[in-house]
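Please look over the structure below before reading the report.

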Amino acid sequence: MKRLWSVQHSSGRMTEKLRDFLGISPVVSEILIQRGYQQPEEAIEFMRPTLLNLISPFCFCDMLQTVERLSLALERKEKVLIYGDYDVDGVTSTTLLYKVLIDLGLQAVAYIPHRQDEGYGLHSEAVERAAKAGVSVLITVDCGVTAVAEVELAKTLNIDVIITDHHEPLKVLPKAFAIINPKLENSGYPFRDLAGVGVAFKLAQALLQSLGNDETGIHSEIKLLDLVALGTIADLVPLIGENRVLVHYGLRQMEETNHPGLAALLEECGLRDKTLKAGQIGFMVAPRINAAGRMDSARAGLELLLTEDAERAGELARQLTRENQSRQQTEKEILAEAISLLEREPLPRVIVLSTDHWHHGVVGIVASRLVERYYRPVFMISEDGEEAKGSARGIAGYPVLEQLSTQAHLLTKFGGHKQAAGFSIPVKNIEKFREGLNEQALAFDETLFHEVLRIDSQVALDAVSEDLLRQLDLMAPFGFGNPGPILASKEIPVHSLSTVGKDQSHLKFRFGSKGELEGIAFRLGERLNELKDKLTLDAAFVLDWNNFRGQENVQLMIKDIQTEANWLNRPTINEAGPTAYQEIAVTNEEIEIEWLDWRDLPQKEWPIQYNQRLWIWDNTGSMPTLRLGNDLASSQHTQEECSEANPLNQDEDGKVNQSLGLMFGLPLTEEDFREGVEKLRRLGIFRIALAGFQAPLEERVRQRCCYIAREELVQLYRELLAKSSRANPFRWGTDLKISAKEKVGLKVFEELGLIRCLGGTDEIVLEWIPAQSKLELESSLRYRLAKERLDRALKFQNQLLVSSIQLKKLY
């Protein structure tokens, strides 16, 4: 089915503001705004991720008691079992936590269940074996949040279960000693999208900060981030927020990994000593570890990541490559059979396929391939006697786990995420399951099943340049939740077209009148005859670097290519003329604000009517807040006046009084002012009084603008230098929590390349890096932005304090 292409409207003034602040291309600023980074500060934190933004692991409500229990296990020399999962997320989680526990001196044992023999999750048989082996504490990683009966069994066997998981919990939670899962309603943790290995890392952080020493302490955290990045990328969690920070630094750590197994695997993939990208890890490294768990046992992958023997690591890496090749062949055969089955009949809304000879370990991958081909939710099932196991993959807007729950009465068990899940089902129920899912799918609009390719920006071909690609690279790492920006160009001149690859399965283009740009379209070789005689084509693509014979050039990685693309009927800036946008603006015109000037009036003289509803945008605190102002209104009048208040809220002429908004206290920045006006507008308030204005201390304005003065940075520089001269790396924030201003300064120095954060949250470990040349503060985006914001804020405040200000021009 031919895809529809959709491009977003331009954000106009916001795009210009971001472009001017950051000095970036309008294409990049527009994409940042579309992805939710509308303010320059947000965009900088996104483009310049920092470990200084990591969240404290002790935000998890159960983290402190977990650390106390493991501290007791260390003291008593108790045996601790780490129970993982057989996918990459589970294997990396198990490896990471095992290494940390062993380094801290605990008696740890790692266990991963067999996919075919045991299946996903915590099992009663494993719990019983653990009890017989003398295990006192069992820690689940990447599983366990639905293991109600198994945890109950463990309690009867005197095993304390600590669950670390990231899957969606059910209504009934296991009665475990502790549950660390950001998706719990009251987890305490502000970021819910961690992978299983991310949650395991949080526990490792807490342990290293609490039980560590000079040899194994906070500074060890950064050496674990390569494992965190590998599991996070493989598990397809959104690469935003904290995940983005972990993967960004994890990829850098992977380039100099101290894990022999990971080094051997990178060597096997041809990636050793190269700059690594998330896509390479997801498509080349992770599948090799997954292959072991899919085809047989994941223990080879676990051994690979745990081994300290470089020779053994090389053997295991080669073994995993062979297993991955076997997996690829099996996958190819199952995919061909699945396509053959599907093309015999009309395509259903929900694809449910089942046989008794498909390898359960690869049906999930095949399901993903079928989603790519047909753009339908896919449920692939492998039958084994009377029972069957399945994997599901969804499309945008189709919640897989929720849809599985509608068929819970037919399933033995199920679990997973919105877009991917696993389940078990009696073979006799499969047909009813297929019918039930398709009946449920009738509730969705037909348009859900038409694939829409979201175009981030429509550009002319001559806008494609090395500079544009370098700026787009600042948005990496790319992956689920933060895909590589897709650009599109109409009517691109085609200079040449040919097939390439082992099976001639890919298309290679030369675009432009002289063939100056190269494009590659993977797995589209079959479309050669359709496209070869076209003089121009519409192309959707991402940009990447092509390194060939020592030369680096921009390459177009084709996502879709058409003789003439089918665009959704939405005007874009390039297509809609100025008249069209003027018409849109007229229809959306809002009521004009009536401004009241009470700036020179003392509070007792404010003309507030005693029966008038008052909303206040209060700028007098550390942060502006919106609140009801009944207390303020009543203070303006006597008790008799208030008791005689008109319940109909009418004035003397019988008209209902309009609600009043009060801009109370001088806004510290223009952004604070505009936010307040917008919030009052949404409440239907269009009469706003300015009152209580006093020039604030400049220090308050500096704090609000996250500005740290040059002299303060010089003082911080001297303190850091003095600390590093005594020991490097060194701890910072040992006695007192790091202040917001200090953190701003540290981020500026990090941008300038003077310090490197090695770990920690409330207390951190820093490495001092001596400057090789003179540093310019202005080269720090954070410093430059804060300075400009402060200058603009002070200028705006001066305007607001001028008594002759024209209120109608305020907003």
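## Overall chain

The model is predicted. Its protein chain has 27 helices and 27 strands. The radius of gyration is 30 Å, close to the 28 Å that the globule rule gives for 811 residues, so the chain is as compact as a globular protein of that length. Along the principal axes, the C-alpha atoms fill a box of roughly 85 × 75 × 65 Å.

Of the 811 residues in the protein chain, 52% are buried. When contacts between residues at least 6 apart in sequence are considered, 69% of them join residues at least 24 apart.

## Helices H5 and H8

Helix H5 spans residues 88–103 and helix H8 spans residues 196–211. The two pack at an angle of about 10°, and their axes are 8 Å apart. That angle makes H5 roughly parallel to H8, since angles under 35 degrees count as roughly parallel.

On the H5 side, the contact is made by Asp89, Thr92, Ser93, Leu96, Leu97, Val100 and Leu101. H8 contributes Gly196, Val197, Ala200, Phe201, Leu203, Ala204, Leu207 and Leu208. By class, the contact of H5 with H8 has 11 nonpolar residues, three polar residues and one charged residue. As background, an α-helix has 3.6 residues a turn, so residues three or four places apart point the same way.

## Helices H2 and H18

A second pair consists of helix H2, residues 26–34, and helix H18, residues 466–473. Their packing angle is about 25°, with the axes 9 Å apart. H2 and H18 are therefore roughly parallel to each other, and their crossing is right-handed.

Val27, Val28 and Ile31 of H2 make the contact with Leu468, Gln471 and Leu472 of H18. Sorted by class, the contact of H2 with H18 has five nonpolar residues, one polar residue and no charged residues.

Val464 lies in the loop between strand E13 (457–458) and H18. With a relative accessible area of 10%, Val464 is buried, because buried means under 20%.

Leaving aside neighbours within four places in sequence, Val464 is in contact with Val459, Leu517, Phe541, Leu543, Val554 and Leu556. Trp358 is 106 residues from Val464 in sequence, and their C-alpha atoms are 45 Å apart in space.

How many of the nine residues of helix H11 (residues 260–268) are buried? Seven are, so H11 is largely enclosed by the rest of the structure. The buried residues of H11 are Pro260, Gly261, Leu262, Ala263, Ala264, Leu265 and Leu266. Just after H11, Gly270 takes a positive phi of about 75°.

Val285 is found in helix H12, residues 278–295. At 0% relative accessibility, Val285 counts as buried. Not counting residues up to four places away in sequence, Val285 touches Leu230, Leu262, Leu265, Leu266, Cys269, Leu271 and Gln280. Leu262, Leu265 and Leu266 in that list are among the buried residues of H11. Val285 and Glu678 are 393 residues apart along the chain, and their C-alpha atoms are separated by 48 Å.

Conventions. Residues numbered from 1 in each chain as written. Predicted model: local features only at pLDDT ≥ 70, side-chain atom pairs only at ≥ 80, totals over all residues. Heavy atoms only, no water. Axes fitted to C-alpha atoms, helices over the stretch in contact; angles between N-to-C directions. Helix = DSSP H or I, 4+ residues; strand = E, 2+ residues; numbered from the N terminus. Parallel < 35°, antiparallel > 145°, perpendicular 65-115°, else oblique. Left-handed = near helix turned anticlockwise from the far one by under 90°. Contact = heavy atoms within 4.5 Å. Nonpolar A, V, L, I, M, F, W, Y, C, P; charged D, E, K, R; others polar. Rg over C-alpha atoms; globule rule 2.2 N^0.38 Å. Buried < 20%, exposed > 50% of the residue type's maximum accessible area, 1.4 Å probe, protein only.
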